[in-house]
Each structure stands twice: as structure tokens, then as C-alpha cells.
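Welcome to a short tour of this protein. Take a moment to look over the sequence and the model before reading on.

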Amino acid sequence: MEKEETRKELKVSAIENGTVIDHIPSNSVFQVVKILNLDEFDNQIFLGTNLDSYKYGKKGIIKVSNRFFKADEINKIALVAPTATLIVIKNFSVVEKKKVEIPDGVEKIVKCFNPNCITNNEPIRTRFTVIDKDELRLKCHYCEKITAKDNISFL
Ligand SMILES: [Zn+2]
């Protein structure tokens with residue numbers, strides 16, 4: 001009986017192929033879903049929030065079947081969930097596990113905070129230098145204004 005339960009649990013939580021995004025701050029889970037457009041993705045997705053984590057107290061987790069994230073998407077994850085770990089699963093086995101890293105520069109994924117910036121008025125890709133990785137402050141290459149963590153919106 002107990003074995004049956006365990007197996008059921010595994011079936012729900014394991015994915016055959018795909019990516020697990022672990023150690024997401026609990027309050028960022030839905031933001032990660034949004035920036036990755038997972039609400040429009042039609043494969044299996046498991047979400048968990050407020051799970052107990054030895055390291056962080058509470059954490060969130062997202063498991064996405066048949067989806068492997070590209071560098072741009074991983075940078076987005078790092079910007080909203082800097083503690084996240086990405087686990088790539090193939091054939092029920094972990095083939096890669098890595099912590100996300102806030103990049104030194106951010107291109108095209110974030111909108112400049114300054115409404116007068118050329119990137120908000122002409123078809124020009126945004127480009128930022130990350131000047132503070134802890135507080136998350138991005139300096140625009142064009143207008144030199146700082147887009148801070150609370151003002152970040154994704155393109
Ligand atoms: Zn700008």
C-alpha cells in the first residue's frame with residue numbers, strides 16, 4: 001500500500017524530458033511563469049510554492065516537460081529568481097544541473113525605465129550593463145539611466 005503511494009508521488013513529480021527550475025524564491029514563481037510565457041505552453045507543467053527548503057526556508061519549484069531554456073530565457077530567470085537552479089532532465093535522468101547567474105550585460109529582454117529613451121521610441125534593441133548584481137541595477141547603454149529591480153519589465 002505504501003509502495004503504491006510512493007510510486008504515485010513519483011509519477012506526479014518526475015518528468016521524462018524537460019527542465020526543473022528549483023530554488024525559486026516563493027514569491028517569484030508566478031513571475032517566472034509569466035516571463036517565460038509558460039501560461040501559453042501546452043506541455044505538462046508542475047508548480048510548487050512555499051515548499052520547505054533547507055537552504056532558503058521556503059522555495060518554489062517549476063517543472064516543465066519537453067522544454068529546454070535558451071540563454072536569453074535563463075538570463076530572465078536569473079533576473080527575477082537569482083537563487084534558482086536549473087536541472088535538465090533527459091530520460092528521467094539529470095543530465096545537467098547549474099545555478100543561474102546574473103549576467104554582466106543584458107540585451108533586448110528588459111525594457112528601459114526611461115520613457116524618453118531612444119529604445120522606447122525607435123526600433124532599437126535595449127542594451128544594459130549590470131552595475132549592481134546584488135541590488136540588481138541596470139544601466140542603459142543609450143540614455144545611461146538606471147533601471148532598478150522594482151522597475152524592471154520584460155519585453
Ligand atoms: Zn535607456
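Predicted model: local features only at pLDDT ≥ 70, side-chain atom pairs only at ≥ 80, totals over all residues.

Strand E1 and strand E3 run antiparallel and are joined by 5 bridges.

As background, strands of a sheet pair through backbone hydrogen bonds, either parallel or antiparallel.

Next comes the interior. In soluble globular proteins, nonpolar side chains tend to be buried together. The largest nonpolar core here has 34 residues, and Ile21, Ile62 and Val110 touch the most other members. Strand E1 (18-24), helix H2 (29-35), strand E3 (57-65), helix H3 (71-80), E7 and E8 each give two or more residues to this core. Which element provides the largest share? That is H3, with 5 residues.

Another core, of 5 residues, lies apart from this one and includes Ile15, Val20, Ile87 and Ile89. To see how Ile21 is surrounded, leave aside its neighbours within four places in sequence: among its contacts are Val32, Leu36, Phe69, Ile77 and Leu86.

The buried residues of H3 are Glu73, Ile74, Lys76, Ile77, Ala78, Leu79 and Val80. Their cover includes E1, H2, E4, E5 and E6.

Now turn to the metal site. Which residues hold the zinc ion as protein donors? They are Cys112, Cys117, Cys140 and Cys143, each through its SG atom, at 2.3 to 2.4 Å from the ion. Along the chain, these donors follow the spacing C-x4-C-x22-C-x2-C. Cys112 and Cys143 link distant parts of the chain, being 31 residues apart. Cys112 sits in the loop between strand E6 (105-107) and strand E7 (127-132), while Cys143 sits in the loop between strand E8 (137-140) and strand E9 (146-148).

Why is the arrangement around the zinc ion called tetrahedral? The 4 donor atoms subtend angles of 102 to 115°, and four donors count as tetrahedral if all angles lie between 85 and 135 degrees. For reference, the ideal angle at a metal with four tetrahedral donors is 109.5 degrees.

Two residues deserve a look for their backbone. Most residues other than glycine have a negative phi. Asn91, although not a glycine, has a positive phi of about 55°, and Leu136, also not a glycine, has a positive phi of about 60°. Asn91 is in the loop between strand E4 (85-90) and strand E5 (93-99), whereas Leu136 is in the loop between E7 and E8.

| Residue | Relative accessible area | Class |
|---|---|---|
| Cys112 | 3% relative accessible area | Cys112: buried |
| Cys143 | 23% relative accessible area | Cys143: partly exposed |
| Asn91 | 59% relative accessible area | Asn91: exposed |
| Leu136 | 3% relative accessible area | Leu136: buried |

Leu136 counts as buried because its relative accessible area is 3%, and buried means under 20%. Asn91, at 59%, counts as exposed.

Terms used:
Residues numbered from 1 in each chain as written. Heavy atoms only, no water. Donors = N, O, S within 2.8 Å, 3.2 Å for Na, K, Ca; no water. Tetrahedral: all angles 85-135°; square planar, octahedral: opposite > 155°, others 65-115°. Helix = DSSP H or I, 4+ residues; strand = E, 2+ residues; numbered from the N terminus. Buried < 20%, exposed > 50% of the residue type's maximum accessible area, 1.4 Å probe, protein only. Core = buried A, V, L, I, M, F, W, Y, C linked by side-chain atoms within 4.5 Å. Contact = heavy atoms within 4.5 Å. Pairing = 2+ DSSP bridges.
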